[in-house]
Amino acid sequence: YQRRVHGVHGRWNYIRLTKLIVYSFYKNIVLQLTQFWFCFFNGFSGQSLYDQWVLACYNVIFTSLTVIVYALLDRDILTVERLSQFPLLYAQGQKSMDFNTRVFLEWILNSIWHSLCCFFLPYLAYESGIIDDGSIYGLYGHGVTMYSALI
């Protein structure tokens, strides 16, 4: 019983926790860096690209579903028998293979790249600011498009 609780569930917990930590940093960096890139286009005026309620609900409502589904459904193939046969599988956590400086920096660089894509692709797509029907595509339109790309 102890082997299953400590070995299998401990390993599952370690893997889920490391993914949760780096994903939490990732999603918040992507959101805030799109605001940062917007500062270069608004003259550093302090104007926000998104509505305040959208910023407040980002972690609570819009991106929490990913974490909940991952926590509920993620299961490693590892069983007690496999852990007994291959004890090096548990060493993955002891050697910090899933959470170390290199892994963290990879997630940070990935978030920077995704923030650039989420900001500049919609910005360049609607650069003229005029939609086909002649209406103007303003700040609200840019904000909604970029926020939709984030989610």
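Q: What makes the link between the side chains of Ser115 and Trp37 a polar contact?
A: The two side chains come to 3.0 Å. A polar contact is a pair of N or O atoms within 3.5 Å, where within protein one must be able to donate a hydrogen and the other to accept it, and residues adjacent in sequence count only if both atoms are side-chain atoms. So 3.0 Å meets the distance limit. Bear in mind that this is a predicted model, in which local features need pLDDT of at least 70 and side-chain atom pairs count only at pLDDT 80 or more, while totals for chains, interfaces and linings use all residues. Side-chain values use heavy atoms, without hydrogens and water, and residues are numbered from 1 along each chain as its sequence is written.

Q: Why is Ser115 called buried?
A: Its relative accessibility is 0%, and buried means under 20% relative accessible area, with exposed over 50% and partly exposed in between (1.4 Å probe, protein chains only). Ser115 is therefore buried.

Q: How do you know that Ser48 is buried?
A: Ser48 has a relative accessible area of 16%, so it falls under the 20% limit and counts as buried. The Ser48 side chain also reaches the backbone oxygen of Tyr50 at 2.9 Å.

Q: Why is α6 called oblique to α7?
A: The two helices pack at an angle of about 140 degrees, with axes 9 Å apart. Under 35 degrees is roughly parallel, over 145 roughly antiparallel, 65 to 115 roughly perpendicular and the rest oblique, so α6 is oblique to α7.

Methods:
Axes are lines fitted to C-alpha atoms, for helices over the stretch in contact, and angles run from 0 to 180 degrees between N-to-C directions. Helices (H or I, at least four residues) and strands (E, at least two) are DSSP runs, numbered from the N terminus.
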